[in-house]
Amino acid sequence: MPDRKAILVLADGTTYEGTSFGYAGECSGEVVFNTGMTGYQEVLTDPSYRGQIVTMTYPEIGNTGINPEDVESNRPWVEGFIVREAWGPPSNWRHVESLDAYLRRYHVCGIAGLDTRALTRRLRDGGSQMAVLSATDLDPDRLARKARGLPSLVGRDLVKEVTSSHAVHWTTGDWDLEKGYLPAAAFRNKFGRVPRIVAIDFGIKQNILRMMVSHGFDVTVVPAGATAPEIMAHSPDGVFLSNGPGDPEGVPYAVATVRELLGKVPMFGICLGHQIMGLALGGKTFKLKFGHHGCNQPVKDLATGKVEITSQNHNFSVDPASLGAAARITHLNLNDGTVEGLSIPSMRCFSVQYHPEASPGPHDSRYLFTRFHRYLCGEEEL
Amino acid sequence: MPKRSDLKKIMLIGSGPIIIGQACEFDYSGTQACKALREEGYEVVLVNSNPATIMTDTDFADRTYIEPITPEIVGKIIERERPDALLPTIGGQTGLNIAISLHEMGILRKFGVELIGASFEAIMKAEDRNLFRKAMEKLGLTVPRSGYIRSLEEAIQVIPDIGYPAIIRPSFTLGGTGAGIAYNREEFEEGIRWALDASPKRTVLIEQSVIGWKEFELEVMRDLADNVVIVCSIENLDPMGVHTGDSITVAPAQTLTDKEYQIMRNAALRIIREIGVDTGGSNIQFAVHPETGEMVIIEMNPRVSRSSALASKATGFPIAKIAAKLAVGYTLDEIRNDITRETPASFEPTIDYVVTKIPRFTFEKFPQTEDLLGTQMKSVGEVMAIGRTFKESLQKAIRSLENGVYGFEEMILPSVPPNPAARRKTITGKLRKPNSMRLFYIGEAFRDGWTVEEIREATGIDPWFLENIRQIIAMEGEIRSSAEAFRKDAASDPAAFEPFLHRMKGNGFSDRRLAKLLGVAEDDVRRIRYAAGVRAVYKRVDTCGAEFEAHTPYLYSTYERENEAEPTGRKKVVILGGGPNRIGQGIEFDYCCVHGVFALREEGFETIMVNCNPETVSTDYDSSDRLYFEPLTKEDVLAIIEEEKPVGVIVQFGGQTPLKLAVPLEAEGVRILGTSPESIDRAEDRERFAEMLNLLGLSQPPNGIARSTPDAVAIAARIGYPVLLRPSYVLGGRAMEIVHDEEGLRRYLTEAVSASEAKPVLVDRFLEDAIEIDVDAISDGETVVVGGIMEHIEEAGVHSGDSACSLPPHSISGETIAEITRQTKALASELSVIGLMNVQFAIQRGRIFILEVNPRASRTIPFVSKAIGVPLAKLAAKVMAGRKLVDLGFTSEIVPNHVCVKEAVFPFIKFPDVDTLLGPEMKSTGEVMGIDSTFGTAFAKAQIAAGMVLPRSGKVFVSVRDEDKEGVLPAAEVLKRCGFSFVATLGTAAFLTAHGLPCDTVRKVNEGRPHVADLIRNGEIALVINTPLGAQSKADSYYIRRASLVYNIPYFTTLAAARAVSLAISALIADDLSVRSLQEYHGTARPTGR
């Protein structure tokens, strides 16, 4: 079968030729690189990648195909997918579909066969860029113009594109090799108390919800636009602020809601949720040069001195200088010293920039769900 | 946490000689550990019996003991040095076992030595199968079902619980020797009987077989703060059932989803914590059922390992170096990542390429044993290759093997008639039973139209790997069908072939393989490729998938858009490494390469290393200024030279591999440093060599070059039998044989090697009862200095690599030594040697013959350097760079006051049915060195270091051929004075008794029972002296040698060795062995603490 050509053109005009896989169309977005060697299916379905074209630095992608379990939402969210080698016939006992067929089904454009390391170095040295990926228009100049005309992620509200439309009671727990996803009932009897939490869905990864259930919470998910009174109407023991795509400054309504909730109810935030909390506390966020996207970021817990290997996916970061004295920095990134965790005992809330739910990535940080549970049960201080 | 200040002096134990399963990876890890600890200001005391290691260079430790690694000897060193701590985890299984013994003997406690890295309890928990299983059960993890038995009846009781297929392992044998697999009751009973016999304590472990399951390994590191990271995941292409050392392995794991991988990662974290490895690296092996994902834990090594060396090279994360720093108290986040410089070591490397390791086998050396792979490791070396895709890295690894394969070469299936059913049957057999060539049979199967599923069914190999191979074979078909067009048009319009060439090169096809498939010359492929602009680019190994800038030029080639080589404008030299370890070319050559690098760096050159052996010090990115992890083929080396533009290339340090490239590289205009390829040819070409000896008035054994069988017969008749036969251009005595008559000669020429115009056979008169001498010398073109003269213990006829030798010589006269020195210098001058030269002499009845001259680094260079305290390889590199020996201060011979004995170490125990008799074909894998004040004690140390347990009393079995009977008397008399008694077969017994040596008699093996082999098995024999008596008796004495081997009874097959061992035993009895460091021997010792 003859390979269909595709090209990727960055806003600065750099052009990469490759072959098309998945859907042979055109897409655009900010190009970011992810350094994880496993977990491409989780990456594809992570709503935080809305607005972004993802390139995997590991070259062999698609080896294990696609299975019905390893999803973080019910569809892929990446705008486009860039790999060195898009593997054909998958090999894994759980697969049901190939990567190519899956992307075609969801009209996600892929490009393979290009020098993804050169692209990664370009993004590392020059910062993230907007780009157009096309299998239908192979004119680099036209695509470069298109790329330059794309709106930046800064200040944009991508959350509204990925959040759920109505409140849902979530009842699926952690995954087991033999039994698959376990129901909430499988975990309930392990816990004396099952605090009720409301999770605000800014583009939530399902594994956060599964972790919440298996760590002894009763979870209700509400849309990003839910107001403070709507949230409090569920009479939660705690509120969870989820991950999500883009710039926290693009969702002022969410910041306002969180500001209103501060001090009224204990809160735990992850990723975008952490940034929103930072803004609600009066802090500032800034855009990182190329973000953190991968499964090997070392984070130090300043209280214990221990290092966690964390899963990360974010482009913005909370500026520590902008935070008031009430906020304590609990975790730092050992690679670049950026803030990875905050705790505000007076407001009964804490947050982390990274992903303790992993999926993909190491499970080193799951203790945070336990911490939230124990905190809500009065067994642990912040 | 800061480093510990309560420790001042730390002892490290190396892994001893190179054996199958323990190769130069432990020199790599040990050298890193030495460097790391000294960097931190600790005093390092090192013990290792292997002189061919970099770590035993006196620069790497404060006190270097080249002494036998036994608990007794190490105990003496501890008593003398009083170290504060012992780091037992960098010396392989040897280091760990010694630490266990030292603890159990109370030596560590007596001298207050702390085990750092892993405690005694942790080591035992990981090493003792029962304790390990209990620990795993506690964690809720599964290990294969198993049970220990002491009789057939017990075995039959436990097998229903374990089930078939079952693995049968005799316990307490050396290195997992002789495990077997039983698929049914009959095989089981047979296996149990054999295993009970094979186990010195008659204990056998029966284990559930997980054959066919997917096999994975994780390299795990932990620090004192309980931070744990996974450095690398490795997936074996060969499923369970093939020892991981013999498996093709790939990093990272390819066929696990993140969820499945995290199950394994979580298990690894819990295991290292439960076992209690406080600091450092461990390797954990897992098996995963291919259809259910069920996971079992196979084993854990609480130390650095072969896999950790591979993982270090595969990721750029130096496990051993970091393990050493963790052992003294640092935490991972306090250690900097050398490559990125700005990020800490507390992270998990991510890679953006695929790494493939392929083991290197030498079944051709042991024709009596079948080429079959199982749970017993048999490979002697390995290669690693890096590519952007699996296909590229696999094909690069294949051509790195230096086995004459440059891709998926077609297999010759000789015994098969051109009949598809028979062919299919042969291929099926080759796929079902793992063997060293299985990869290539898979290629054949795809050519025959087998499906991925059919091959998976036969091999158990994951379809992902198979589909990749299928695609390679399919591309070969495409290349073949483009051949005609390529031959017609490519030269005139190369650009038209750019997409084709780029795609094929990107999938790892070598020029040589392309040439074969296209029907053109290799050089044409390269020329056309260059004309089309298809050239290799270089990418960096950076631990982080390009997230951070790499400051260390650790490079691999690929066919992509961006080139990151960024060569400097400095004055630079390329040093070519030795490639995979094999018998005949091992760590000694890596030692020389690394010295070359050090020396040239001192001379102000930028040093560029090229090698593909992941076990070595040379492929540590820390060793050279720039490292290219690449195959050592003309294509790959030339591309690097074109990229770097060095002032020259050094080929004489890496053994035959780079030497073979000298002429082809020079033909491409590359400057070869040191002795010219012309001189090398003059020494290698037999006719030109003979002319030169004539010119110099030197003698060689009568010889001739046979280009046909009648030729050979005529030459042999002229020069007289016995004759030594060998193909030209060989290393390690490959296919070398001594024949005693025409019948033997004809058999050799039909079965082993055929003589032809292109590949002549060399026929030399074999010198009987001659003493062989090895000489290493160095020359700068003006001054020649003999580095060392070594007298072989075994007579000429035993390959020099297999023979024990003594420096200085122990029996030849000063006059002869002077004459040998004169001849060596004459040869070096005549050949205009610049660098090193090795000459082999034979002395027969006072006459000196020259056997061979090699104008390059020899296997004995490290031994000689350590014996005389002069780094010959380093001096040679400086000489090649233009320095003079006068300026370097080395102008006269050094004759040490001490005696150094080198002894070879053999892999026979790993190969069932192989005779242990030595001959002209090299069979040893490694060597040890014994140093002491007398020949007897030095020889004794060498024997002990080689694993012999020399008896101090007991019964000696003597069986020698008639002409040796007189000759055995001196040895027997010494042994009698030492209190030994004798037993012999009828003839020898009568002879000994008649000469005043009372002797019991015993039956020969073919005379009924009990016979001599029974006595050996019953432990009644302490020592065996047995010289073989011609072809027929060889078979009889074979059983004696094999039984001695299995029961680890010292046996000697030459009179010279018997004499030497008698002296060694008497020295042992007279005087307990003392220990002394190299620094003290060479007078360079600085005072140390305490």
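The model is predicted: local features need pLDDT of at least 70, side-chain atom pairs count only at pLDDT 80 or more, and totals for chains, interfaces and linings use all residues. Residues are numbered from 1 along each chain as its sequence is written, while chains are lettered from A and ligands numbered from 1 in the order in which they are written.

**Contact between the chains**

Chain A brings 41 residues to the contact and chain B brings 46 residues. Two residues are in contact if their C-beta atoms, placed from the backbone, lie within 7 Å. On the side of chain A that touches chain B, α3 (116-126), β17 (284-301) and β18 (307-319) each supply at least two residues. Helices (H or I, at least four residues) and strands (E, at least two) are DSSP runs, numbered from the N terminus. The largest share of this side of chain A is that of α3(A), with 5 residues. By class, this side of chain A holds 15 nonpolar, 14 polar and 12 charged residues. Here Ala, Val, Leu, Ile, Met, Phe, Trp, Tyr, Cys and Pro count as nonpolar, Asp, Glu, Lys and Arg as charged, and the others, Gly among them, as polar.

**Nonpolar core**

A nonpolar core is a set of buried Ala, Val, Leu, Ile, Met, Phe, Trp, Tyr and Cys residues joined through C-beta atoms within 7 Å. A residue is buried if 20 or more other C-beta atoms lie within 10 Å of its own, exposed if 12 or fewer, and partly exposed in between, with C-beta atoms placed from the backbone. The largest core has 454 residues, and A:Ala131 and A:Met212 have the most contacts inside it. Helix α36 (residues 1055-1070) of chain B gives the most to this core, 11 residues.

The buried residues of α16(B) include B:Trp464, B:Phe465 and B:Phe486. They pack against α12 (390-400), α14 (438-447), α15 (452-459) and α18 (511-518) of chain B.

In α1(B), 13 of the 15 residues are buried. Just after α1(B), B:Gly41 has a positive phi of about 90 degrees.

**Paired strands of chain B**

Two strands pair if DSSP finds at least two bridges between them. Strand β24 (residues 723-727) of chain B has 4 of its 5 residues buried, so it is largely enclosed by the rest of the structure. β24(B) pairs in the antiparallel sense with β25 (residues 737-739) over 3 bridges, where B:Leu724 has B:Ile738 as its bridge partner. With β26 (residues 761-765), β24(B) is antiparallel and joined by 5 bridges. Here B:Leu725 partners B:Val763. In β26(B), 5 of 5 residues are buried.
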